[in-house]
Amino acid sequence: QVQLVESGGGLVQPGGSLRLSCAASRTIFSFNNMGWYRQAPGKQRELVARITSGSSTNYADSVKGRFTISKDSDKNTVYLEMHSLKPEDTAVYYCNGLRGTTNYWGKGTLVTVSS
């Protein structure tokens with residue numbers, strides 16, 4: 001069974017930075033793509049950033065220039081570097097991986113941006 005475990009969330013002031021990590025229980029080479037989604041209270045889950053097996057990336061317009069997704073294949077880990085955080089970035093952030101035709105999800109990590 002594939003497991004994705006997120007870490008790195010927390011409370012940060014506006015303008016601050018955080019790095020989220022997603023550790024996979026299988027080699028990330030086995031995933032077609034991996035990504036980060038977020039869900040704020042009362043809102044639908046939305047894609048934040050995605051990285052393909054070929055390391056192509058795409059981002060939500062709201063985070064372009066502030067967030068960076070990357071992966072370390074040796075550690076089977078995907079990262080999300082977040083800078084210039086805003087209160088509207090507050091959400092539960094979920095790691096996602098598409099392996100074959102199956103989507104896998106982590107349990108999420110809470111990011112709160114507040115002064």
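Trainee: What is the strand order in the open sheet of four strands?
Mentor: This is a predicted model, in which local features need pLDDT of at least 70 and side-chain atom pairs count only at pLDDT 80 or more, while totals for chains, interfaces and linings use all residues. Residues are numbered from 1 along each chain as its sequence is written, and side-chain values use heavy atoms, with hydrogens and water left out. Strands are DSSP runs of E, at least two residues, numbered from the N terminus, and two of them pair if DSSP finds at least two bridges between them. Pairing in this sheet is antiparallel, and the order is 1-3-8-7.

Trainee: Which residue in strand 8 is the bridge partner of Leu-20?
Mentor: Strand 3 (residues 18-24) and strand 8 run antiparallel and are joined by six bridges. In strand 8, the partner of Leu-20 is Leu-80.

Trainee: What is the phi of Asn-76?
Mentor: Asn-76 sits in the loop between strand 7 (67-72) and strand 8 (77-82). Most residues other than glycine have a negative phi. Asn-76 is not a glycine, yet its phi is positive, at about 50 degrees.

Trainee: The backbone nitrogen of which residue lies 3.2 Å from a polar side-chain atom of Asn-76?
Mentor: Contact means heavy atoms within 4.5 Å. Leaving aside neighbours within four places in sequence, Asn-76 has such contacts with Cys-22, Ala-23, Ala-24, Arg-26, Thr-27 and Ile-28. The backbone nitrogen in question belongs to Ile-28.

Trainee: Is Ser-55 buried, partly exposed or exposed?
Mentor: Ser-55 lies in the loop between strand 5 (46-52) and strand 6 (57-59), and its phi is positive, near 75 degrees. Buried means under 20% relative accessible area, exposed over 50%, and partly exposed in between (1.4 Å probe, protein chains only). The relative accessibility of Ser-55 is 43%, so Ser-55 counts as partly exposed.

Trainee: How many aromatic pairs does a search of the whole structure find?
Mentor: Rings of Phe, Tyr and Trp (its six-membered ring) pair if their centres lie within 6.5 Å; planes under 30 degrees apart count as stacked, over 60 as edge-to-face and the rest as tilted. By this rule the number of pairs is two.

Trainee: How many residues apart in the chain are Phe-31 and Tyr-104?
Mentor: Phe-31 and Tyr-104 form an edge-to-face pair, 6.5 Å centre to centre, with 85 degrees between the planes. Phe-31 is in the loop between strand 3 and strand 4 (33-39), and Tyr-104 is in strand 10 (residues 102-105). Their separation is 73 residues.

Trainee: What relative accessibility does Phe-31 have?
Mentor: Tyr-104 is partly exposed, with a relative accessible area of 22%. Phe-31 counts as buried because its relative accessibility is 2%.

Trainee: How far from the ring centre of Tyr-94 is the charged end of Arg-45?
Mentor: A charge sits over a ring if NZ of Lys or CZ of Arg is within 6 Å of the ring centre and within 35 degrees of the ring normal. Arg-45 lies over the face of Trp-105, at 4.7 Å from the ring centre. For the ring of Tyr-94, the distance is 3.7 Å.

Definitions and conventions: Polar contact = N/O pair within 3.5 Å; in protein donor to acceptor, adjacent residues only side chain to side chain.
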